[in-house]
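Here is a short briefing to read beside the model. Please keep the sequence and the 3D view open as you go.

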Amino acid sequence: MKKLVTDVVVIGGGTTGIGVLRDCAMRGHRTILLDRADLAQGTSGRFHGLLNSGGRYVVSDPESARECASENAIVSRIQPNAVERTGGLFVVTPADDPAFGDKFLAGAALADMPVQEIDPAQALAREPRLNHGIKRAFLVEDGTVDGWQIAWSATASAKQYGGQALPYHKVTQVHHSNGQVTGVAATDLKTGEEVMIDCSFVLNCAGPWAGQITRMAGLPPVAVVPGRGIMIAMNHRLVNTVINRCIPPSDGDIIVPAHTVCIIGTTDHKVDDPDHLVVPREEVQQMFDSGEELIPGFRQARALHAWAGARPLIKDDRVAATDTRHMSRGMAVIDHSQRDDLKGLITIGGGKLTTYRLMAEHIVDAMEEQLGQSHPCRTGDEVCPGNEPGHNYLVTHRLKDREADRMTSPIICECELMNRSMLVDLLKQNPLDNFDDLRRQLRVGMGPCQGGFCSSRVAGVACEEGVIDATRSTGLLKLFLEHRWIGLWPILHDAQVRQAALDEWILHGTLDIGHVPSPTSVERDPVDDAPIDETGPTTMEELPPGARAPQPATTTRRRTRAPRSQAANTPKETK
Amino acid sequence: MFEPASYESNLLARASLDQCVKCTICETQCPVLAVTPLFSGPKFVGPQAERYRHGLVVDHSLDYCSSCGTCTLVCPQGVKIAELNSVARAAMKKGHTPLRDQIISRTSFMGKAMKPVAPLANAVLHNSAARWAMEKTLGIHRKAAMPTAHSHSFSDWWKKHTPPSAPTRGKVVYFHGCAGEFFEVETSIMTVEVLEHLGFEVITPTQGCCGLPMQSNGLFDAARKHVRTLADQLGVEPDAPIVASASSCVTMLKHEAHDIMGVDDESLIKVGSRIREVSEFLLDLADHDDLPLDFSPIEMTAPYHAPCQLKGQGMGRPAVELLKLIPGLTVVDAEATCCGIAGTYGVKKEKYDIGQAVGRPLFDKVREINPDFAICDTETCRWQIATATGATVVHPIWFLHKAYGLG
């Protein structure tokens with residue numbers, strides 16, 4: 001068993017937890033963060049990518065709107081590389097009540113949120129694909145943000161102050177004695193080693209899983225109400241501005257141009273278990289219908305991938321527990337010294353990715369208050385490492401980079417323009433990474449072919465470079481393809497079916513992936529292994545014959561994806 | 001950046017790229033990618049790179065695309081690959097098109113300028129010192145194929161021309177193109193003589209450039225203006241077929257002005273649906289047993305090259321079928337992808353070597369089949385093949401004219 005000693009343990013490696021790690025470290029606390037999976041693999045990696053102007057909340061929740069408006073500017077400044085300043089539009093479609101626009105303007109004024117009403121013709125000039133029947137349009141400061149980039153650069157900043165992040169460490173128990181937290185026990189999932197960390201404070205930032213953590217401390221679970229929402233990434237940016245429907249918050253009210261795709265979201269359904277998030281087909285249809293309202297022809301555009309995330313909402317008695325959308329998205333800080341007579345444990349819930357830094361500030365303030373300390377928070381003042389101050393992300397960046405190095409390093413992932421040197425550098429740095437870990441860093445396999453062309457190249461390069469042996473590499477390849485399939489199945493139609501068919505022919509017909517050597521057990525991922533759907537097949541082979549493209553009769557085909565019964569009961573992976 | 005809501009921004013917002021399944025067929029057929037690593041290939045710069053553009057074009061190497069259109073032709077999913085590239089190139093060059101590209105994309109201007117001083121112009125174009133200076137100052141490669149200037153234009157001939165006999169069939173509008181007006185005057189005259197021999201009443205309205213060279217050099221505004229004017233000019237006889245000896249210009253009118261530059265004017269649609277490349281027109285007559293087959297034999301074997309732009313019209317190789325009807329004549333389709341000139345691509349200093357490498361398989365085929373005589377429908381391709389091989393390269397109409405005993 002490995003023993004570590006620190007002041008504070010943060011549980012949960014989403015953006016909130018990482019923001020807390022950074023804030024604690026900057027204020028001088030020795031801090032270790034634990035997550036059972038990769039950083040930002042849960043809710044922080046399963047949203048639509050909106051950096052919120054506050055516009056969505058100006059009418060229903062002005063306080064949230066005000067926080068968003070100010071944090072939006074701060075995040076753009078301290079983590080510019082993760083943010084694209086796309087701007088946003090709230091549009092009143094022919095089906096909507098134009099009067100809501102007046103409430104919208106009034107709420108914006110109250111929340112000090114910058115907004116400008118523009119002529120619908122101006123909005124159409126900016127976004128020609130928008131519904132030409134829009135009646136009003138409001139320009140706001142929405143942007144897009146990459147949750148993983150936010151997580152990594154904040155982690156890098158925390159490391160500069162001595163903070164430590166340990167992904168793939170599953171917390172097994174929170175120890176306390178005499179009403180005071182004393183330590184945390186965890187298991188290193190990559191090596192199997194037990195880890196015991198002595199500490200005097202635990203900050204529970206586990207989001208939808210926060211209740212499970214308080215249970216590990218032997219306390220009554222915090223009442224979290226996970227709100228499941230689905231998102232669908234479309235093959236390319238149909239718009240270059242965030243498009244919101246100017247109505248009270250509802251399903252499918254936003255399209256976000258994030259990286260090379262645009263993402264439509266979302267739905268909101270209360271679920272009991274954040275590890276079991278399905279993408280029901282009726283909700284997929286609902287998204288396509290909503291897309292049509294904003295962008296006529298949306299249904300004809302190509303859908304790439306779907307996923308579901310769980311909102312980490314803390315139960316609020318002001319609204320019914322089943323109506324999570326109308327619950328305050330403001331944050332809730334629960335001090336367990338008051339609730340459960342246990343010192344050294346604080347839980348935070350609610351909030352939005354846009355306000356992650358502010359949430360961290362609140363929870364660390366609460367911890368210092370309990371400790372009788374008061375260090376100033378400086379997380380909003382300092383630009384995170386790896387970011388060029390004043391230079392926000394642009395969708396053209398990767399193309400520009402490849403234009404510069406196209407003669408020196410071959411492209412491995414053609415859709416997302418990842419070249420060989422990017423891959424090899426990361427593989428050598430993190431030899432224990434699975435292909436999904438690589439994907440979150442490099443975007444490999446996230447484009448139109450969903451890994452059909454690049455994933456086998458990744459496996460080959462990993463072997464050739466001597467980082468991963470052939471057996472493990474092919475095992476990881478199969479696992480990666482299983483995970484891609486989870487997000488493909490719910491949206492499989494039209495162009496994406498042709499792609500999936502071609503991918504299957506390549507992987508089975510040509511590469512015979514069903515017979516490549518693979519380990520008797522690949523290390524399963526705690527989060528990525530999810531059932532597809534209550535009714536979905538686990539591979540394309542299981543589609544009914546009429547739903548499948550014809551296949552060469554001569555190829556021998558075996559099922560390679562894990563049967564559903566083997567897959568752990570955990571949520572779906574993102575974009 | 002584009003004007004918002006312009007056709008470019010719509011197309012850059014790119015409907016067809018969603019159909020790409022990355023199969024790579026376009027890259028296996030791209031003649032430029034086959035000879036140079038400087039070009040990233042049609043799949044890369046087309047449907048892949050397009051996902052990274054939002055009106056701003058940062059990948060300047062896309063200009064190595066020759067716009068030959070082979071990728072679009074071979075794509076089994078219907079992705080408008082070449083069109084995506086052309087639009088992106090126009091976006092990239094907008095506001096800073098080099099002087100050279102502005103000059104070489106104005107064929108009729110060059111023709112008009114050289115006509116009064118044709119002997120001098122030809123001397124200059126064949127003088128190595130002058131060509132060296134052109135390369136240094138303008139970036140036109142010293143060895144690149146150049147047209148031959150003429151003292152008399154097609155119009156000069158037409159003004160003095162009287163038809164040999166009264167027409168026995170209906171009217172046809174003849175479209176000769178700028179090269180047919182100034183440089184390939186003989187081809188134009190032969191076409192008119194063949195049509196009149198067949199009994200058509202030939203009408204040749206005043207006509208300007210179709211805009212294709214401007215379009216392929218990214219000068220969309222000028223190209224749109226020209227193609228609209230031309231459509232009005234050629235529309236003089238609303239019911240008559242329009243017959244052309246300039247096969248690439250036909251492509252512009254048939255679909256490129258619409259597919260690449262979004263010109264949707266009714267006058268263009270009417271002209272574009274009525275225009276026929278002359279071999280296509282004559283083969284259609286033959287298919288209806290309406291073409292006299294009283295050809296004198298021509299004992300010859302000659303290679304034929306189908307220009308890329310002609311292939312893009314999706315009508316097969318009408319010239320090959322038509323010339324089969326002439327006794328004694330054996331026409332061998334060279335089955336090469338591209339001659340490497342691609343309009344004005346192969347004359348540019350930085351692309352000349354690529355153009356030559358692209359054309360090499362064709363040049364070898366020509367030398368193998370008949371080193372002295374070859375057939376091709378488009379002017380610039382003829383100049384390229386002639387310069388590279390030393391062969392005489394003629395339009396298919398040359399054979400019909402001869403076989404009908406007209407010259």
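Strand β7 (residues 115-118) of chain A pairs with β8(A) in the antiparallel sense over four bridges; two strands pair if DSSP finds at least two bridges between them. Strands (E, at least two residues) and helices (H or I, at least four) are DSSP runs, numbered from the N terminus. The model is predicted: local features need pLDDT of at least 70, side-chain atom pairs count only at pLDDT 80 or more, and totals for chains, interfaces and linings use all residues. Residues are numbered from 1 along each chain as its sequence is written, while chains are lettered from A and ligands numbered from 1 in the order in which they are written.

**Around β8(A)**
- Glu117(A) stands opposite Phe138(A) in β8(A).
- Five bridges link β6 (residues 88-92) of chain A to β8(A), and the two run antiparallel; here Val91(A) stands opposite Ala137(A).

**Helix α7(A)**
- Among the buried residues of α7 (residues 281-294) of chain A are Glu283(A), Met287(A) and Leu294(A).
- On the other side of α7(A), Glu282(A) and Gln285(A) are exposed.

**Chain contact**
- The contact takes 26 residues from chain B and 30 from chain A, where contact means C-beta atoms, placed from the backbone, within 7 Å.
- Chain B gives two or more residues to its side of the contact from each of α1 (7-12) and α3 (42-50).

Key
Contact = placed C-beta atoms within 7 Å. Buried ≥ 20, exposed ≤ 12 C-beta atoms within 10 Å, placed from the backbone.
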